[in-house]
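Hi,

Here is the structure I said I would pass on to you. Have a look at it first, and then read my notes below.

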Amino acid sequence: MNYKNIDYKVVEERVLEVLEENGVKDITGIDEAFISNLERAPLIYIGIVFNFCERYGCSIDYVLGRTDRYWL
């Protein structure tokens, strides 16, 4: 079975798009944790992804670059 690797550059772009779309100016809390995690770690903690997506109402698949649909 073939597995698709996570493209962290796409994830970072999607996170920033979600923040921009929601008018976020001050990056704090879960937003800061997610971006910081992307910059420092070779892996993404799923709890951060889940909490970020719950907060902004976007799909995890969108943030991870698996779909271009913001909402499912």
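Asp7 sits in the segment before H1, where helices are DSSP runs of H or I with at least four residues, strands are runs of E with at least two, and the numbering goes from the N terminus. With 41% relative accessibility, Asp7 counts as partly exposed, because buried means under 20% relative accessible area, exposed means over 50%, and partly exposed is in between (1.4 Å probe, protein chains only).

Before I go on, a word on where this comes from: it is a predicted model, so local features need pLDDT of at least 70 and side-chain atom pairs count only at pLDDT 80 or more, while totals for chains, interfaces and linings use all residues. Residues are numbered from 1 along each chain as its sequence is written, and side-chain values use heavy atoms, with hydrogens and water left out.

**The negative patch**

Asp7 belongs to a patch of negative charge on the surface, together with Glu12, Glu13, Glu17, Glu20, Glu21 and Glu39. To be in a patch, a residue needs over 30% relative accessible area and no salt bridge; like charges are joined within 9 Å, and nonpolar side chains (Val, Leu, Ile, Met, Phe, Trp, Tyr) within 5 Å. Asp and Glu count as negative here and Lys and Arg as positive, with His and the chain ends not counted. Which element gives the largest share of the negative patch? That is H1, with 5 residues.

Glu17, one of the patch residues, has its place in helix H1, which covers residues 8–21. Glu17 is partly exposed, at a relative accessible area of 39%. Its side chain also has a partner: a polar contact of 2.6 Å joins Glu17 to the side chain of Tyr62. (A polar contact is a pair of N or O atoms within 3.5 Å; within protein, one must be able to donate a hydrogen and the other to accept it, and residues adjacent in sequence count only if both atoms are side-chain atoms.) Glu17 and Val63 are 46 residues apart along the chain, and their C-alpha atoms are separated by 9.4 Å.

**The salt bridges**

How many salt bridges does the structure hold? There are 2, each being a side-chain nitrogen of Lys or Arg within 4 Å of a carboxyl oxygen of Asp or Glu. Side chains of opposite charge can pair when their charged atoms come close.

Let me start with Arg14 and Asp68, whose closest N and O atoms are 2.7 Å apart. This pair links distant parts of the chain, 54 residues apart: Arg14 is in helix H1, and Asp68 is in the segment after helix H4 (60–63).

Arg55 lies in helix H3 (residues 46–56) and Asp31 in helix H2 (residues 29–40), so the pair ties together parts that are 24 residues apart in sequence. Arg55 counts as exposed at 51% relative accessibility, while Asp31 is buried at a relative accessible area of 1%. Asp31 has a further link, a polar contact of 2.7 Å between its side chain and that of Tyr56.

Ile48, in helix H3, is buried, with a relative accessible area of 13%. Ile48 and Ile30 are 18 residues apart along the chain, and 6.8 Å separates their C-alpha atoms.

Gly29, for its part, is found in helix H2 and counts as partly exposed at 47% relative accessibility. From Gly29 to Phe52 it is 23 residues in sequence and 9.7 Å in space, C-alpha to C-alpha.

To finish, back to Arg55 in helix H3: Arg55 and Asn2 are 53 residues apart in sequence and 31 Å apart in space, again C-alpha to C-alpha.

Cheers

How values were computed:
Accessible areas come from the Shrake-Rupley method with a 1.4 Å probe; for residues, only the protein chains shown count as cover. The place of a charge is taken as NZ of Lys, CZ of Arg, CG of Asp or CD of Glu.
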